[in-house]
Amino acid sequence: MARKTAKKGKGAPANAGKKESMLALTWKQLIRNKMAVAGLILIGVMAILAILAPVIAPYAYDKQDLYHTFLGPCREHWFGTDNLGRDIFSRILYGARYSLSIGIAAVAMSLVAGVSLGALCGFYGGKLDMILMRVLDVFQSIPGMLMAIAVSATLGPGLRNCIIALSISSVPGYARMMRASMLNIRDMEYVEAARSVNARDGRIIFRHMIPNAMAPTIVQATMGVATAILVAASLSFIGLGVQPPAPEWGAMLADGRNYIRDFPHLVMFPGIAIMLAVLSLNMLGDGLRDALDPRLKN
Amino acid sequence: MVDILEVKNLKKYFKINSGQLHAVDDVTFSIQKGKTLGVVGESGCGKSTLGRTVLHLLESTDGQIFFDGEDVTHVDAKKLRKLREKMQIIFQDPFSSLNPRMSVSTTIAEPLELSGRFGKAEIGSLTDQLMDTVGLAPRLRNSYPHELDGGRRQRIGIARALALEPDFIVCDEPVSALDVSIQAQILNLMQDLQEKRQLTYIFITHDLSVVRHISDDICVMYMGQMVEKSPSKELFKNPLHPYTKALLSAVPVPNIHKKQERIILKGEVTSPVNPPPGCRFAKRCRYAAEGCQAPQNLTEVSPGHFLACHRYQEID
């Protein structure tokens, strides 16, 4: 027995006996990163404000007051009023609901589709991979923005169609990324080991490969939320996204652009809101990338 | 003694753009229960492919595999699952053979779980037993591979292979990625396990001192073919194939007075893609002659000593 016991072990593990899931480890790593925490707090605050919008907002988002149009920031209207006398602060709060949910829903949908397609292609390869990837090539050859425009023009404007349009255009990106990391992992010995102990394909894909292949895709997804918000803003800007009077941030920018010379606050506040959302998600994404990299552990 | 594994004319070709890569070409051998067959050869000679083909991790191109007297060359999925519980593998690189996101106990419990034969509590206690068997402290249960050193990781790999009490294990260079001090520990562990459990090993390695230490028989591979096979002692005492001679001359001898002649191989390595018939070593062989262009058959030159070289008597 004595001969069998390793005595020269180098790294005695710190977490002796205590169960710590990979998720907990990643979380621990993430909250050590100041930028990531700042991003997390910022996006968290925005989400809470969006949820509590009816409580916090001093006015209804579509309440017009034509006697007080183009007011600058003041005590009654913190961010001023727009061309129809609507309170910009209230509209931004309500707008967060649209913008954030569009961003998150679009990314969630394309992530699910992209990850499954990519995982299948990367794992099975061969003809399936060939056919699916060529189809995705076709999708990807159309610029994302153009694709979103085409889809929402076909489906008609509106929140739900906007989400669908945005998610379709980003599926190929996720699929491609997932496929690449699956190809990397496919030849790892632990996949072969799983096979040698009789693990079926499904288990190998979901238990062994996807968790190890997800890191770059998760990071891409947090950044993707920011991109989706921006593209949704552009869609609204050309009138294909969320329809007025719904206060989507991009729509507010579009409405305000006619008055940008005389009343810049009409575009400034929604612009700042978009910028903060994108910034916080990017910071969070950066932090996640580091936290998910096993080489940086400990 | 019964042969637990018998391999006849096993071939594994890979289709590549420029033709067929003959990774394993016409390899025949058998192993008795409880013995160890060492497989040596340089990188890329098909050692690992041989091991994986025997385990059905790769599909064989041609030839036959018998396990426990039964032809298992082509088996259906159900049979294969049964077979894999009896045949296991220990991998070379303990850093890539363990899923970085699975804890020690999860990794070891996986084969038990997948066999469907055990309840949850049973799996837990069996996992504990296995960890004890391979010398892993119980406190490491919930550690992750990246927290452990190479030796401990390799012990996890061994425990995983042992979980379903296999009869036969392919050891694919199990110690070549480890420090020398750890190598000895792991080799001792493997030998202890072999004695206690009557395990049969195919021990793949390029390290001749290791293979000498652990093997009963040794087979030397070159470019996918077996060029010499003999009992371990006999091979080291009396190597006959020119390639084996060159290989053995590279083993350092711990004696400063004994001057040993080092055979340095020259010439071009034959490509394993669409190789011509005949001896594949001929281009590098200092004894090569005309007859070497003809296929070389493995013949028994003395009891248990097989050789694929027609000129062995002339070159001594």
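Colleague: How does H7(A) pass H9(A)?
Modeller: In a right-handed crossing, meaning the near helix is turned clockwise from the far one by less than a right angle. Keep in mind that this is a predicted model, where local features need pLDDT of at least 70, side-chain atom pairs count only at pLDDT 80 or more, and totals for chains, interfaces and linings use all residues. Residues are numbered from 1 along each chain as its sequence is written, with chains lettered from A and ligands numbered from 1 in the order in which they are written.

Colleague: At what angle do the axes of H7 and H9 of chain A cross?
Modeller: Roughly 155 degrees, and the axes come within 9 Å. H7(A) spans residues 159-186 and H9(A) residues 201-237. The two are therefore roughly antiparallel (angles over 145 degrees).

Colleague: Which residues of H7(A) meet H9(A)?
Modeller: Among them are A:Cys162, A:Leu166 and A:Tyr174. On the H9(A) side, the list includes A:Met209, A:Pro216 and A:Leu235. Contact needs C-beta atoms, placed from the backbone, within 7 Å.

Colleague: New topic. What order do the strands of the open sheet in chain B take?
Modeller: E6-E7-E8-E3-E9-E10-E12-E11, eight strands with mixed pairing. Strands pair if DSSP finds at least two bridges between them. E6 and E11 (299-302) are the edge strands.

Colleague: How many bridges join E6(B) to E7(B)?
Modeller: Four, and the strands run parallel. B:Gln88 has B:Ile169 as its bridge partner. B:Ile89 stands opposite B:Val170.

How values were computed: Axes are lines fitted to C-alpha atoms, for helices over the stretch in contact, and angles run from 0 to 180 degrees between N-to-C directions. Angles under 35 degrees count as roughly parallel, over 145 as roughly antiparallel, 65 to 115 as roughly perpendicular and the rest as oblique. Two residues are in contact if their C-beta atoms, placed from the backbone, lie within 7 Å.
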